[in-house]
Structures are given as C-alpha cells and as structure tokens.
2 protein chains.
Amino acid sequence: MTVSITRLNASQSDFDSSLAKLLAWDDSVDHQVNESVRHILHEVKTRGDAAVLEFTEKFDRLTIASVAELEMSHDRLQKALKNIPGDQRVALEQAAERIRSYHEHQSQTSWQYQEEDGTVLGQKVTPLDRAGLYVPGGKAAYPSSVLMNAIPAKVAGVSEVVMVVPTPDGVVNDMVLAAAAIAGVDRVFTVGGAQAVAALAYGTETIPSVDKIVGPGNIFVATAKREVFGTVGIDMIAGPSEILVICDGETDPDWIAMDLFSQAEHDEQAQSILISPDASFLDAVEASINKLLPTMERAEIIEASISSRAALIQVADLSEAAAVSNRIAPEHLELSVEDPEALMAEIRHAGAIFMGRYTAEALGDYCAGPNHVLPTSGTARFSSPLGVYDFQKRSSIIGFSASGADRMGRVASVLARGEGLTAHARSAEYRVKK
Amino acid sequence: MTVSITRLNASQSDFDSSLAKLLAWDDSVDHQVNESVRHILHEVKTRGDAAVLEFTEKFDRLTIASVAELEMSHDRLQKALKNIPGDQRVALEQAAERIRSYHEHQSQTSWQYQEEDGTVLGQKVTPLDRAGLYVPGGKAAYPSSVLMNAIPAKVAGVSEVVMVVPTPDGVVNDMVLAAAAIAGVDRVFTVGGAQAVAALAYGTETIPSVDKIVGPGNIFVATAKREVFGTVGIDMIAGPSEILVICDGETDPDWIAMDLFSQAEHDEQAQSILISPDASFLDAVEASINKLLPTMERAEIIEASISSRAALIQVADLSEAAAVSNRIAPEHLELSVEDPEALMAEIRHAGAIFMGRYTAEALGDYCAGPNHVLPTSGTARFSSPLGVYDFQKRSSIIGFSASGADRMGRVASVLARGEGLTAHARSAEYRVKK
C-alpha cells in the first residue's frame, strides 16, 4: 500500500490557509455526552457512594457491596510490583528516578523582602492538600502516565495522591498498579468514567474530595473534568497528540519516519509533521514511510493518521522552519539538525523540544525525565508542561509597618476615592497618622 | 437601622453545615446569557470587524464607520495622563512602581543541567507573544485593575498588551486611560462585552488575536472568556470578592468593621467574615458596624452584603481560627493579631495574607505591590494570585548524547513494548547501539 501524504511548501501563496486547514481539529462535544455527564455528576454529588456503585455496576459490569471494596490495598500494589517481569520493574524504577530528579529542579520556594520602613512583602508557596489522578483502564493502560502525573505531585509535597482507575469486567493491569506503588500514590480506587471524576471533585462517604484532578481520559472523563473545573482545579484538556520534526536532511530517513509513526500510532487524529529545506529528503522520508508502514503492528491507525493529518512541508531554510513551527506551537518538537542550540534560540512556543538526531521523542514519553503531559493544539502559545508548579500555589504576603501603612495609606486613599470606593479609602485612612 | 449578622460558633455541632451554607454561592449562568454569548462569538469569529461594529453600535450606542476608529492613539492616552488631577497621577505612578517592583521578584528564568554522559535536560521560559486585557467601562471604572493586569504582563516580557474597554455612549474614563499609559499598554480599543472577548480570541481585520485574555468583566464577559478558553488562555473566572479577618480582639473594632465594609461595598454578593476567640470583641465589631454603616456612601450595598453573606465566628483559640480559615481558603485574609508570623505558619490556603493590625486589605487593592487579582470562592486551595508566571510558559528541553540515547533507549523500549506502542519502541531502538 502507498499512503498519500499532504505536501506543502511555505512559499505557496495559499500556504497560510492550507496550514490552518491542516491544523484545524474539531473538539466539539456531542450533546448526548454532555447530558449524560451532567446526570452522572449530579447523581454522585447528591447520592455519593450509592451512585458510584450503580454507575460502576452499569459501565464496568462490577457487582460489589460497597465502595470500600473498590479500594486497593497497599499489599495489592506491592503484589503487582512482584508480578510484573523484572525488566519492566527495573525500567519503571529507572524512569521514576529520572522523572523525580528532573522535577525536583522545578520546586518553587517561598520568598520575602523587607523595605526600609520595615514593610514586608513576599510570596508563600504551599502544596495542594490532595490531588486526584485519573488513569484510563482497559486496553489503553499507560503506566508511564501514572509516573508522569503522580511524581510531580509528590515532589510538590502533596500529602495525599488519590488515583482512580476503572477495571472493566474486573480486568486489572499490574503494570499500572506497579507504577502507582513506585510513584508513591497514597490511595487507589478502581472506579472510572465521569463517576470517578465526580467522586474526586465532590467527595463521597468513602472517596475523599481532592483539590485538583489530573490525568488523561476518554470524552466522558474530559467532559466531566471541564464541568467540575472551578470546584477543583484541572490540568489542560488534551487534544490529539502531535509531533513536529524539523530536519536539515542529514538524519537517517528511517529514523524520522519512525519518529512520525510514534505519534501516529496513538490514534487516527494524531498529527505528525515534518519540515525540511531539503525536498529530496522529504521524498526519502516518504519512501521510508511506505517501506516501514507494512511492518508496523498498529499499521491501520498509523495509516489513517498519516493520510488524514500528516504533512511534509518544504521551507527555504531552517529559520523559516522555526517560523512555521512557532505558528504551530507544537506539543513535541524535534530539532533533528546539526546545531540544535542555534535553532532553539528561534523557537518561541513548544511543549517539549528534543535536541539533535539522537533525541527521539519516544525517550521523552518514558524516561528522559521531563513530563510527557504537554500542551496540545497550539496551546503551547500560553501553557506549559505538567509540572511541580501545577501542584503548588502561592499566597501573597503583605505586612505593613506603622510607618509603611501611614505612607501607603495616603496613596490608597487617593486611588480608592478616585474609584468611588470610600470604605476602602476610610479603611486605609484609619492607619494614616493624624 | 440595625443590620442583622450571622453569628456562628465553631463548637456548635452543626458548625460544618452552617459554614458550608454560608459559603455556598450560585454561579449558574442563565441559559439566555449563554445563547447570546455564543451568538456574538460566532458572529465575530466569522464576520470580524463588521460584527464588532454592529454589536458596538447595539450595546454601546456608538455609531462609527470602522473598527480602526475604535483604537485610541498614544497621544490620547498621554492627554488623559495630563487631564487627571495631579494627586491621582502621582498615586497611580507610585502604585505602578511598587507593583512593578514586587512582580519583578516573580520572574522565572530558564535552566538546564548536564548529566555525566553529556545528556542535557532543562526548561526554557518564554513570554507570551501577545496578551489581551479586558477593562470594564461605565460607572465601575477601575484604573487599579489596569495596573494589576498589565504590569505583570510587561514584566514577563509580553511584546504587545492589547487593552479593550467599552465606552458606552462615548463616555471615556481618563483615569483608566492614564493607568494604561503608565502601565505601558501597547494598544487600546474602545470595545467591550462578549464582542471584545471574541475579537481578542479570534482576531479581526483590525484587532489582533492574543494568546491569553485577562481582566474582570460582567457575566457576558465571564461567559465569553469561559467559551474561548482553549483557543486562548484565560485567567480565573472570579466569583464575588471575600475577606476573612482573624482578630485576637485587640484591634480597634472600628478598623475591623471598616475592613469588612471594604469588601462588602463591592457588591451585594461580596462576603465579609470575622473570626475571633473573643466573644465580646465580636459584639464590639457588631456595634461598630451598626455605628458606621449610616455614614457610608455605599450603605445600601454594604447592608445587603453584610446581612446576607457576612458572619461573625467565635472560635476557641487562634489555632482553631486558622483551621476554619483553611477550610474557607479565603481570597483576602487579614491576620489582625499580635504575632501574625506565628499564625501565618498555620495558614495553608489564601490568596493574599495581610499581616498585623496596620495592614488594611485596601492597601493590597491599590499600592502594596502584590496583585489584587486573587483566587475567590475557595479556589485558593489550588490556584494563585495573578502574576508574571501567568504571562510566561515553559518548554521542556531534552538533548540526548549518543551514549545517553543508547542507555535510555533501552529503558524506553521496555516500557513502550509494555504499553503495546511498538513505533515508540522502534524509534528509541534505532538510537541504541547494536
């Protein structure tokens, strides 16, 4: 089979609109999904455990007597750690260690400073009390996702990380539980879907409410997270995964083809884009794609993704490649070039930047250290990878001395009266010396 | 008139449920508002300037020929700076200087580190390209809000700050424009409502699209911001303003009453709470409230807020006060006590903490330096004051050496195969030495 891939050239007069069309992605949510999610949220909010039991019986076909039975013991997690093959356990532990070590660099500390008159200003950094981690169950079980979401929370100092993971028909994934044990997850409930999100947001008799819910999930989970935002914090609602590779034409085209596949195999909506100033290299990668595709286990998904959403883009030079990349603001950006440092200086927006020919994006998904939860669909223009900072918050500290309050009370009084807020003015004026 | 104020005691058996009832706040949005906002967003997204003109004519009763006429020149802003009274100008400049100086402490810098085998990991911090700032027009004109939203963006390094402010019936507020000039706002358009949010989110022929929209607004503006979230970033959707004062009973009760009024005067939904272990002090503050209320310019709003949403809460001691405060996670927290440092150590969640008897909350609203845009409705459990960090984002940096890719490729391969993602595995394996 020969897969047809969109080819663009940045010098085309219609390049802007072609690029916009390529990037467009329909994120509208079916009305029926919205209604169903709202119903589940309302039921769990008002009826707690009883509703969680009913929905778990209905959607996961589990018949249990109480939500307490859905909690997994620490012994069960430790057993999972023993059950999995030794090489997987070692790999999980190595990945966890690198993720922990990288994220420790993100820790923020409180600070304050004193002014001449004794006035103190500062910022106090504190962890969230409790974080909820959603982990998808069933066939798409991602232990790496457990590490990436739970470890930053623990590094931030969150006292209790509560994980929810559905076990449809009772199917348990030992690698996911092993990852939870390694990451230091505090409690695990085998519940999923919108009912799990509702339980974490509102709390039930058995499942504690949390301050923030993170982690990937299907459309029901994503919709539920969007609905409970405000009651709790949430991470970004992720769109399909994307990779953008900028290559100078000197990397093995098979490597680049496989890097593109590594996004494409996620799902049909995933987007893989290659930009190069070398037209013959684009041809070579296209040939590699066609050569390698039949050898792939997930060939069908890859083909659907590559033919509907991938593109090979020719540019005049690497600077133009950086300019196009900045317009896309990709989730993953590979700089597969001779001098990645020089090119990085021109990059303004990207979730993660993979430097040089040896840095396959897949390394970042598992064990490089940085987080694999990254802003998608161009949101890297204004948002960041998941990090320790997502599990900490700040409080401003303001402490005026008597003379500071005297001096600044006068300023506040003028401005408050200018805004017509006289209680503000008088509150400040009480602290002004007569 | 005697205003009736809710009185609670933390030792009551029904304290938890009474507190929950006190804090409950209905944030549901009228169906009609949602529909109207969606219509406006769709029209501006698809018809650009033409739709902006139509809605501005309809809602602000302005008849102009083009959106370009809605842009205010830099000369006009400078003229506003000359128009306002001298004391207001000086006060705005002093406030701006303190806000800038405080926020400079929040700047984040890029970092990276190298491992033994030459692998480089890090995080690159970059500013947003463009930020949009919504400023309400009409009677509730808040120049302080211009300073608080624009200055952190400029400190972050945002190249272009675009401000929108409605001028219903052509009424322009010079103090707001003067604040824009002082804060370094780059462009100002006199357009408001959902149409202004839509223009900033999608861009029109004349108004540039931005990466993030911040700033307060009415229900139409808040609903529009919620809808465009994802296309652009937004700040928190604010609920009613709140203050929580913890007092040991030794502060002048008139001061405390006025501090409570300074929130209550914002609107009927604002919430003012006082906690003290001293029951007679609660009585004294209640007496002060009744004494001072008739002298207030905004007495009607204050009375409505105090009688419907305020509370005086008696606790056993200051530690219990801190515990109750942590459950509320207040926007503004005054520690009007002898040793505020000791009490602060027990505070886990608050937008801003005002230390000691001299630190009136109102100082923080205008000129202390820290931001007055703070998490409301208990969201201080998981979110932070507006800051420089809201106008910067991070990109992970991953650069593997050949030997690093060899070592880590093996780990990634095991984990990717464990997750059934063989393109990921093969992409990593290409970089592993044979």
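Q: How many salt bridges are counted between chain B and chain A?
A: This is a predicted model, so everything here is computed from it. The count between chain B and chain A is 8 salt bridges.

Q: What makes Arg98(A) and Glu115(B) a salt bridge?
A: Their side chains come to 2.9 Å, N to O. The cut-off is 4 Å between a side-chain nitrogen of Lys or Arg and a carboxyl oxygen of Asp or Glu, so the pair Arg98(A) and Glu115(B) qualifies.

Q: Which helix gives the largest share of the side of chain B that touches chain A?
A: That's helix H16 (residues 402-418) of chain B, with 11 residues. By class, this side of chain B has 57 nonpolar, 35 polar and 24 charged residues.

Q: How many residues are in contact between chain B and chain A, and how much area do the chains bury?
A: 116 residues of chain B are in contact with 116 residues of chain A. Between them the two chains bury about 10,100 Å², with 58% of it on carbon and sulfur atoms. On the polar side, 62 residue pairs are in polar contact across the interface of chain B and chain A (both at pLDDT 80 or more).

Q: How do you know that the copies meet through the same surface?
A: You compare the two lists of interface residues. 100% of the interface residues of chain B are also interface residues in chain A, so the copies meet through the same surface.

Q: How is chain A divided into domains?
A: Chain A has domain 1 (6-21 + 239-368), domain 2 (31-234) and domain 3 (400-429).

Q: What is in contact between domain 2 and domain 3 of chain A, and how far apart are their C-alpha centres?
A: The C-alpha centres lie 45 Å apart. Still, 4 residues of domain 2 of chain A are in contact with 5 residues of domain 3 of chain A. The two domains bury about 320 Å² between them, 38% of it on carbon and sulfur atoms. Glu115(A), Asp117(A) and Thr119(A) supply 87% of the area that domain 2 of chain A buries there, more than any other three residues.

Q: Why is the pair Asp117(A) and Arg407(A) called a salt bridge?
A: The closest N and O atoms of Asp117(A) and Arg407(A) are 2.9 Å apart. By class, the side of domain 2 that touches domain 3 in chain A has no nonpolar, 2 polar and 2 charged residues.

Q: Which parts does the salt bridge of Asp283(A) with Arg7(A) tie together?
A: The closest N and O atoms of Asp283(A) and Arg7(A) are 2.6 Å apart. Asp283(A) sits in helix H11 (residues 279-292) of chain A and Arg7(A) in strand S1 (residues 6-9) of chain A, so the pair ties together parts that are 276 residues apart in sequence.

Technical notes:
Residues are numbered from 1 along each chain as its sequence is written. Chains are lettered from A and ligands numbered from 1 in the order in which they are written. This is a predicted model: local features need pLDDT of at least 70, side-chain atom pairs count only at pLDDT 80 or more; totals for chains, interfaces and linings use all residues. Side-chain values use heavy atoms; hydrogens and water are left out. Domain bounds come from an automatic or database domain assignment. Contact means heavy atoms within 4.5 Å. Buried area is the accessible area (1.4 Å probe) that two parts lose on being put together, summed over both. Ala, Val, Leu, Ile, Met, Phe, Trp, Tyr, Cys and Pro count as nonpolar, Asp, Glu, Lys and Arg as charged, and the others, Gly among them, as polar. A polar contact is a pair of N or O atoms within 3.5 Å; within protein, one must be able to donate a hydrogen and the other to accept it, and residues adjacent in sequence count only if both atoms are side-chain atoms. Helices (H or I, at least four residues) and strands (E, at least two) are DSSP runs, numbered from the N terminus.
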